[in-house]
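Here is a walk through one protein model, written for someone who is new to reading structures. Take a look at it first, and then we'll go through it piece by piece.

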Amino acid sequence: MKRIGLFLIAATLGFGACTPNNVKDAKEWQQHFVKHKLEGCFMVFDNGQGTFRVYNIERAKERFTPAGAFEPFLSITGLQTGAISDTNMISAGEPFRQAFRNSSLPAFQEVARNIGKDTLQRWMDTVGFGNRKISRVDTFWLDNSLQISPDEMLGFTKQLYFNQLPYQRRAQELTAGLMIMEKTDKYIFAWKAGEGKSGSKRIGWMTGWIEENRHPSFFVLNFETEDPSADLKTLGMELTRNILTSEGFYKGEK
């Protein structure tokens, strides 16, 4: 079973081989994590240049619970199988499009139950999503049975954008559209956040892309803290925006 990570299978996917020449260690990004006493990693893949900038490459290859960052997978699989008829379908009392933006757990648990454990397992095996483990059908992406690395998450996101996953084009395009949170005359900013737990550690995710002049760059943030009061979504957005801004994004010049 092939993995969807970019570092390990870039050549297989036809995205350009990942060599020491196109992976750059972005040590300067450490300051953003130190500021909030966080351990984490950040990856940016410039699709046009075929280059990576990575902070903490070792962590980028470790697997963690995906939590809310698994919701694009549930969305695309739900749309593929008919568990989600369209993005306006009511799920757990609200339109699915809004449930996606709100990361509504009851809505996604309903979707997972409607897809069914066996069908979810077949699609995870087909895609090669992380370790592909399912425990209980409506909690497995939260309870540390399913785990995925930041590298693999970035690979999944990139394939989703380019309609290269083994799903119908409609399911991929609708899911990618759900991830678009900001659209201006200078950029399109698409992302999905996640918040999970592993023992005493709280795990945060941000994964998506920023597109300028029809040129997408893909990113993933993964971090952890033991602070029970930390607002992981706010922290994730701050780190993501600050790092991308430091790289010259949001100006419409990429």
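Does Lys-37 count as buried or exposed? With a relative accessibility of 78%, Lys-37 counts as exposed, where exposed means over 50% relative accessible area, buried means under 20%, and partly exposed is in between (1.4 Å probe, protein chains only).

Before going further, some ground rules. This is a predicted model, in which local features need pLDDT of at least 70 and side-chain atom pairs count only at pLDDT 80 or more, while totals for chains, interfaces and linings use all residues. Residues are numbered from 1 along each chain as its sequence is written, and side-chain values use heavy atoms, with hydrogens and water left out.

Lys-37 sits in the loop between α2 (30-35) and β2. Helices (H or I, at least four residues) and strands (E, at least two) are DSSP runs, numbered from the N terminus. Lys-37 has a positive phi near 55 degrees, though it is not a glycine. Most residues other than glycine have a negative phi. Asn-163 also has a positive phi near 55 degrees and is not a glycine; you'll find Asn-163 in the loop between α8 and α9 (169-179).

**The sheet**

Now for the sheet: 7 strands make up an open sheet with mixed pairing, in the order β1-β3-β2-β9-β8-β7-β6. β1 (23-25) and β6 are at the edges with a single partner strand each, so one side of each has no neighbour in the sheet. On average, neighbouring strands here are turned by 15 degrees against each other, direction ignored. Axes are lines fitted to C-alpha atoms, for helices over the stretch in contact, and angles run from 0 to 180 degrees between N-to-C directions.

Two strands pair if DSSP finds at least two bridges between them.

| Strand pair | Sense | Bridges |
|---|---|---|
| β2 and β3 (residues 51-55) | antiparallel | 5 bridges |
| β6 (residues 180-183) and β7 | antiparallel | 3 bridges |
| β7 and β8 (residues 201-212) | antiparallel | 11 bridges |

Met-43 is bridged to Val-54 in β3, Ile-180 to Ala-190 in β7, and Lys-197 to Arg-202 in β8.

Strand β7 (residues 188-198) is mostly covered, with 8 of its 11 residues buried. A hairpin of 4 residues links β6 to β7. The hairpin of β7 and β8 has 2 residues between the strands, and there Gly-199 takes a positive phi near 65 degrees.

Strand β2 (residues 39-46) includes Asp-46.

Who does Asp-46 touch? Beyond its neighbours within four places in sequence, Asp-46 is in contact with Thr-51, His-215 and Ser-217, where contact means heavy atoms within 4.5 Å.

Helix α8 (residues 150-161) has 12 residues, which should span 16 Å at 1.5 Å a residue, and its end C-alpha atoms agree at 17 Å apart. The expected span is 1.5 Å times one less than the number of residues. All 12 of the 12 residues of α8 are buried, so the rest of the structure largely encloses this helix. Among them are Asp-151, Glu-152 and Lys-158.

Helix α10 (residues 232-246) has 15 residues and reaches 21 Å between its first and last C-alpha, close to the expected 21 Å. The buried residues of α10 include Leu-232, Met-237 and Leu-244, and this buried set packs against α2, β2, β7, β8 and β9.

Finally, Thr-77 lies in helix α4 (residues 71-81). Thr-77 has 0% relative accessibility and so counts as buried. Leaving out neighbours within four places in sequence, Thr-77 contacts Ile-115, Leu-120, Trp-123 and Tyr-167. Gly-204 is 127 residues from Thr-77 in sequence and, C-alpha to C-alpha, 23 Å away in space.
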